[in-house]
Amino acid sequence: MTTAQTPGVRTDDELKALAEQAGRDLEDASALEILTWAAKTFGPRFCVTSSMEDAVVAHLASRAMPGVDVVFLDTGYHFPETIGTRDAVEAVMDVNVITLTPRRTVAEQDAEHGPKLHDRDPDLCCKLRKVQPLEEGLTGYAAWATGLRRDESPTRADTPVVGWDEKRRKVKVSPIARWTQDDVDAYVDEHGVLTNPLLMDGYGSVGCAPCTRRLLEGEDARAGRWSGNAKTECGIHG
């Protein structure tokens, strides 16, 4: 007995095959071409996620798909500058900002797990305040875009421009995977794209305030994240 499929809705196997083929076909395509493909392929079931470190991918996506959903995780631990960047993006760009929040406030989490969980068990803190809310927030989408770049860290060196997110069973689009920091800076300058003010204040990468510090001379861009332990990713991308 076969199960009827809703017209226009692809199965997981079809989405996976589509993603893997697109990854090969679009490897040399521009970021805008990659996002245009995603917009045409998935329509309203496509979104962009943004940490509001900068608005480069959101800006690119707004050119490919005006009014595109931009999903932001408000962990309760963000710098004020990050919330300000989100508000500015919402005010001036042709996007629909969607703010996700964890199931529990910081105070509720402290009551359940004790204060400063981020210091004692950063993996659990990220799971509760980032990974779970994002998984719930992406439920209605078939594909999502990120700002991952291969040059950011060894764990991101093999990032495909389009790939299959096995954990979430969705297509994952990384349109600027091949870009360097110089490419990002050039795009920001050319288009006047909003960036988080902390990037001009010694921070190379901006995450939650308790787990982010300014860089020391010669460090790579993500060295200020979870400094002092072996953690390099929040769990969203690995």
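Me: Where does cysteine 125 sit?
Reply: Cysteine 125 is part of helix H7, residues 122-137. Helices here are DSSP runs of H or I with at least four residues, numbered from the N terminus. The model is predicted, so local features need pLDDT of at least 70, side-chain atom pairs count only at pLDDT 80 or more, and totals for chains, interfaces and linings use all residues. Residues are numbered from 1 along each chain as its sequence is written, and side-chain values use heavy atoms, with hydrogens and water left out.

Me: Is cysteine 125 buried or exposed?
Reply: Buried, at a relative accessible area of 7%. Buried means under 20% relative accessible area, exposed over 50%, and partly exposed in between, with a 1.4 Å probe and protein chains only.

Me: What is cysteine 125 in contact with?
Reply: Beyond its neighbours within four places in sequence, cysteine 125 is in contact (heavy atoms within 4.5 Å) with Tyr77, Gln109, Leu117, His118 and Lys130.

Me: Take glutamine 109, then. Which helix is it in?
Reply: Glutamine 109 is in helix H5, residues 106-113. Glutamine 109 is buried, at 1% relative accessibility. With neighbours within four places set aside, its contacts include Tyr77, Leu117 and Cys125.

Me: New topic. Which residues does UniProt list for "binding site"?
Reply: The unreviewed entry lists Cys125, Cys126, Cys208 and Cys211. UniProt positions are in the numbering used here, feature names are shortened, and annotations may be inferred rather than shown by experiment.

Me: Why do they gather at one spot?
Reply: They span 87 residues in sequence, but no two of their C-alpha atoms are more than 10.8 Å apart, so they gather at one spot.

How values were computed:
Helix = DSSP H or I, 4+ residues; strand = E, 2+ residues; numbered from the N terminus.
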